[in-house]
Amino acid sequence: MTHSLVCADTVSRVSSVLNRNTRQFGKKHLFDQDEETCWNSDQGPSQWVVLEFPQRIRVSQLQIQFQGGFSSRRGCLEGSQRSEALNKIVDFYPEDNNSIQISYPGLWAVSLDCYAHTFPVPAAEVDQLKVTFEDLTDFFGRVVIYHLRVLGEKV
């Protein structure tokens with residue numbers, strides 16, 4: 001059964017936080033399901049989020065919601081098992097909008113009422129995931145994410 005895999009024992013790290021203000025823009029806001037909070041990175045050529053799960057997981061879906069104007073044109077999903085080196089799972093190309101963007105095994109979809117943009121994303125078994133956001137749409141290289149969900153099952 002598919003469910004959210006990010007739990008209290010999941011360790012998360014991010015590339016940066018705007019003005020180091022973790023209270024207002026910190027990584028915890030990626031997972032709090034609050035529409036009023038977000039992770040806001042500081043400036044840079046790329047930004048990333050790393051998740052270390054307490055056990056091996058089988059990823060079946062990712063959900064990401066950017067703030068339009070503060071997203072990326074290209075991303076990379078990487079994973080590893082037991083502290084091994086990260087291996088690329090897939091490159092992906094998100095839309096620059098406020099909609100929740102959803103991956104399915106083999107597909108990505110942008111939730112825009114009647115519109116769906118899809119691209120392949122293979123399923124993976126990992127205990128660490130890294131999502132890197134490149135070619136950022138903001139002139140200063142910031143990214144703003146309201147929701148990041150990893151769905152699947154424990155292996």
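F140 is partly exposed, with a relative accessible area of 43%; partly exposed sits between buried (under 20% relative accessible area) and exposed (over 50%), using a 1.4 Å probe and protein chains only. Bear in mind that this is a predicted model, where local features need pLDDT of at least 70, side-chain atom pairs count only at pLDDT 80 or more, and totals for chains, interfaces and linings use all residues. Residues are numbered from 1 along each chain as its sequence is written, and side-chain values use heavy atoms, with hydrogens and water left out.

**Aromatic rings**

- Searching the whole structure turns up two aromatic pairs. Rings of Phe, Tyr and Trp (its six-membered ring) pair if their centres lie within 6.5 Å; planes under 30 degrees apart are stacked, over 60 edge-to-face, and the rest tilted.
- (Strands are DSSP runs of E, at least two residues; helices are runs of H or I, at least four; both are numbered from the N terminus.)
- F139 and F140 make up another edge-to-face pair, 5.3 Å centre to centre with 85° between the planes. Here F139 is exposed at 76% relative accessibility.
- K130 lies over the face of W48, 5.2 Å from the ring centre. To count, NZ of Lys or CZ of Arg must be within 6 Å of the ring centre and within 35 degrees of the ring normal.

**Salt bridges**

- Side chains of opposite charge can pair when their charged atoms come close. The count here is seven salt bridges, each being a side-chain nitrogen of Lys or Arg within 4 Å of a carboxyl oxygen of Asp or Glu.
- E52 and R13 meet in a salt bridge at 3.1 Å, N to O. E52 is in strand β4 (residues 46–66) and R13 in strand β2 (residues 11–14), so the bridge ties together parts 39 residues apart in sequence. E52 is partly exposed at 26%, and R13 is partly exposed at 37%.
- R58 bridges to E125, with the closest N and O atoms 2.6 Å apart. That links distant parts of the chain, from R58 in strand β4 to E125 in strand β9 (residues 124–136), 67 residues apart. R58 is partly exposed at 30% relative accessibility, and E125 is partly exposed at 30%.
- R74 and E134 pair up at 3.1 Å, N to O. R74 is in strand β5 (residues 72–80) and E134 in strand β9, 60 residues apart. R74 is partly exposed at 33%, while E134 is partly exposed at 23%.
- Shared partners join R58, E125 and E153 into one salt-bridge network.

**Around H29**

- Where does H29 sit? You'll find H29 in the loop between α1 (22–25) and β3 (39–40).
- Is H29 buried or exposed? At 8% relative accessibility, H29 counts as buried.
- A polar atom of the H29 side chain lies 3.0 Å from the backbone oxygen of R23.
- Leaving out residues up to four places away in sequence, H29 touches T22, R23, Q24, T37, C38, W39 and Y146. Contact here means heavy atoms within 4.5 Å.

Definitions and conventions: A polar contact is a pair of N or O atoms within 3.5 Å; within protein, one must be able to donate a hydrogen and the other to accept it, and residues adjacent in sequence count only if both atoms are side-chain atoms.
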